[in-house]
Amino acid sequence: MKKEFAVIGLGRFGASVCRELSAEGMDVLAIDLLESKVSEFRNIASHAVIADSTDEKALKELGIRNIDHVIVAIGEDIQASILTTLILKEFGIKKVTVKAQNNYHEKVLIKIGADQVIHPERDMGKKIAHSIISNNFLDQLELSDDHSIIEIKSSKKMIGRTLVDLDIRANYGCNVVAIKSSSAKEMNISPLATDIIEAGDVLVIIGSDQDISKLEKGLVIDD
Ligand code: ATP
């Protein structure tokens, strides 16, 4: 059966999630307090309704209990975001993703059972800062509070050298888990220690944020 989604709060973030899910052909129920926001989504989402998500009865009447994944994208009204999450988890919704405003908000959301807490502004800020510092930085995926996977373009200090030469694990405590070569179409998963890094290669590296930062300073920045 097709997975069903609901997005609560159609600010810039919620609207973007809603648009993208709809563009991917997903069934999306879009909810906001304001008619002006909801009317924008009448022709985009499968259903768009005006409702206050802190009103348990209203949510029940919308049939939100049958939705597989709800995204709570209420920003400024932290109280409403927390109460909405609590109601959704009490309804037994399997996956609730919530946008947090700050670390305190996140802590409360985790305590009351949010399955995924996201900080789009903070995470985007981090990525942009990295890409400003180094042109080689491509992307970062946070695995936990202190571990990430990063994608970087091979730097001058790497080109023509093997993984043994660079000894990234011993020198920086990180692991190169894959190399996407500019020449080969396939991703080289679990590269060999003797594989030579070429210009244009993209390295996928896993490690603690501290070790990744050390690696960036040692091998990537000042390229
Ligand atoms: P963004 O940065 O994504 O634009 P934001 O973080 O500033 O948004 P807000 O504008 O505070 O977030 O809220 C996002 C949307 O959530 C608004 O359109 C607002 O009307 C809606 N919203 C707030 N409270 C509720 C609620 N209780 N029920 C439904 N929608 C709500």
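This is a predicted model: local features need pLDDT of at least 70, side-chain atom pairs count only at pLDDT 80 or more; totals for chains, interfaces and linings use all residues.
Where does D167 lie? D167 sits in the loop between α7 (163-166) and α8 (168-172).

Start with the overall build. The protein has nine helices and 11 strands. Its radius of gyration is 22 Å, well over the 17 Å that the globule rule gives for 223 residues, so the protein is more spread out than a compact globule. The C-alpha trace spans about 65 × 35 × 30 Å along its principal axes.

Of the 223 residues, 39% are buried. The accessible surface comes to about 12,500 Å². Carbon and sulfur atoms hold 52% of that surface.

Contacts tell us how the chain folds back on itself.

Strand β9 covers residues 175-180, and strand β11 covers residues 202-208. Five bridges join these two strands, which run antiparallel. Within this pairing, V176 stands opposite I205 in β11. Strand β9 also pairs with strand β10, residues 187-189. Here three bridges do the joining, and the strands again run antiparallel. K180 stands opposite M187 in β10.

Move on to the loop between β10 and β11, where S190 lies. S190 is not a glycine, yet its phi is positive, about 50 degrees. Why is that worth a remark? Most residues other than glycine have a negative phi. S190 has a relative accessible area of 54%, so this residue counts as exposed.

D167 shows a positive phi as well, near 40 degrees, and is likewise a residue other than glycine. Is D167 exposed or partly exposed? Its relative accessibility is 36%, so D167 counts as partly exposed.

S46 lies between α2 (35-40) and β3 (47-50). Its relative accessible area is 35%, so S46 is partly exposed. Which residues does S46 touch, leaving aside its neighbours within four places in sequence? S46 is in contact with M26, D27 and V28. I93 is another matter. S46 and I93 are 47 residues apart along the chain, and their C-alpha atoms are separated by 19 Å.

Definitions and conventions. Residues are numbered from 1 along each chain as its sequence is written. Side-chain values use heavy atoms; hydrogens and water are left out. Helices (H or I, at least four residues) and strands (E, at least two) are DSSP runs, numbered from the N terminus. The radius of gyration is taken over C-alpha atoms; the globule rule is 2.2 Å times the number of residues to the power 0.38. Buried means under 20% relative accessible area, exposed over 50%, partly exposed in between (1.4 Å probe, protein chains only). Accessible areas come from the Shrake-Rupley method with a 1.4 Å probe; for residues, only the protein chains shown count as cover. Two strands pair if DSSP finds at least two bridges between them. Contact means heavy atoms within 4.5 Å.
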